[in-house]
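Please open the structure in a viewer and keep the sequence at hand.

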Amino acid sequence: MPPETMLAAVLGEPGTITTTRLPVPEVGPDDVLVQVRRASLCGSDLKIRSQKFFGGDGPPSKAFVPGHEYAGVVVAVGSSVDEFAVGDRVVTEAHRGCMRCVNCLSGSYTDCLNSGKLHKGHRTQGMTVNGGFAEYVVNHVSTLHLLPDAVDFDAAVVLTTVGSVMHAFDALGSLVVGASVAVIGPGPIGLLAVQVARQLGAAPVALIGTRASRLELGKQFGADLVIDSRTEDSVAAVRDLTGGRGADIVLECSGAGPSVDQAIRMAKRSGKVVLVGFFEQPVTADLNHAVMNGISLQTVRGEGAGSVARAVSLAGQGRMDTNALVTHHFPLEDIGEAFDTYAERRGDAIKVMLDVSDDPQAP
């Protein structure tokens, strides 16, 4: 049985996050209580800590718990749940749509038309409801995936990010085998996009960025060409790699404003550009170039369309390398330092993990 209270990280004044003790959440009929073993930080968490993510309304409560990338062990299940059992190792996906609007019913639950309306069933862990920066968290049964024995908790948490990459490739609506792919931004999403592109049969694959250490990881992950955009013309380099045509597919994963225009210009005629990164400011791009060349622009948010399940499958087959991305570990009590390390890229931080709870008897 879980205890009555738990250690949890909550938002304070904008820009701060601290730990406190909260009641362990109650389990509803369709819910699963997860003891969180690992959680990680991503760019969205920085916006949540600053409270810019919530607009003028602020977080949902004064004891709001962020965290949307986490994995752990099932410790209790609701009365209707027979998909999981106590002791199962699971990874979560953040988004649970209302499952009643036309978007959710078509599989686009990250674009739920009732987003933020808890009374209609919508939840997003760590964004609209409490998330995984706590020892225990409640998830709807539909948002959990059983982990293969070969996938440890560090790797499992990264699979949430892999899910976002899989969702981006889903948006293309076509096979990737034999397609040329350019990835802009060697952050966690971009580096994983290089791997997924390779696993889906893309060739050649180019990675564009500004940090030499990240570009070197891109080579290890299978990029045929890495381009330092500070010293090279990335558009020309991608066109040279593709025989002058341009890339069939461009994934913009950096969230840098100028990259959208670059993505359009390095795509071939009738190519496809998928915007995966979040942008801090409005973006200027030459859309006439896209229109005149039949270039499609698409966007994705998060790990929709069942993509985390496919990420788990890839990892279970030993076809994803996530270890090199995990650069730091902190106990939950040091979450403030973990955030600062991630935000300031101390020690070339890529994926910063929180060791939330550990059981030496657990796998």
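This is a predicted model: local features need pLDDT of at least 70, side-chain atom pairs count only at pLDDT 80 or more; totals for chains, interfaces and linings use all residues.

Begin with the open sheet of 6 strands, whose order is 12-11-10-13-14-15 and whose pairing is parallel. To find its edges, select strand 12 (225–228) and strand 15 (296–299), each of which pairs on one side only. From one strand to the next, the twist averages 20°.

Now select strand 10 (residues 181–184) together with strand 13 (residues 247–252); the two run parallel and are joined by 4 bridges. Within this pair, I184 is placed opposite E252 of strand 13.

**Second stop: helices on the sheet**

Helix 4 lies across strand 10, strand 11 (205–209) and strand 13, and runs at about 175° to strand 11.

Helix 6 also packs on the sheet, where it touches strand 10, strand 11, strand 12, strand 13 and strand 14 (267–275). The direction of helix 6 makes about 165° with that of strand 12.

Keep helix 6 (residues 234–241) in view and select helix 7 (residues 258–266). Their axes come within 9 Å and cross at roughly 25°. Since angles under 35 degrees count as roughly parallel, helix 6 and helix 7 are therefore described as roughly parallel to each other. Their crossing is right-handed.

Which residues make the contact? Helix 6 contributes S234, V235, V238 and R239, while helix 7 contributes Q262, R265 and M266. By type, the residues of this contact comprise 3 nonpolar, 2 polar and 2 charged.

Is V32 buried or exposed? Its relative accessible area is 0%, so V32 is buried. Residues up to four places away in sequence aside, V32 touches V27, V74, A76, V77, V81, F84, V137, V138, N139, V141 and L144. Select V90 as well: V32 and V90 are separated by 58 residues in sequence, yet their C-alpha atoms are 10 Å apart in space.

**Last stop: S44**

Finally, select helix 1 (residues 43–50), in which S44 is found. S44 has 11% relative accessibility and therefore counts as buried, the cut-off being under 20%. With its neighbours within four places in sequence left aside, S44 is in contact with H68 and F278.

How values were computed
Residues are numbered from 1 along each chain as its sequence is written. Side-chain values use heavy atoms; hydrogens and water are left out. Axes are lines fitted to C-alpha atoms, for helices over the stretch in contact, and angles run from 0 to 180 degrees between N-to-C directions. Angles under 35 degrees count as roughly parallel, over 145 as roughly antiparallel, 65 to 115 as roughly perpendicular and the rest as oblique. A crossing is left-handed if the near helix is turned anticlockwise from the far one by less than a right angle, and right-handed if clockwise. Contact means heavy atoms within 4.5 Å. Ala, Val, Leu, Ile, Met, Phe, Trp, Tyr, Cys and Pro count as nonpolar, Asp, Glu, Lys and Arg as charged, and the others, Gly among them, as polar. Two strands pair if DSSP finds at least two bridges between them. Buried means under 20% relative accessible area, exposed over 50%, partly exposed in between (1.4 Å probe, protein chains only).
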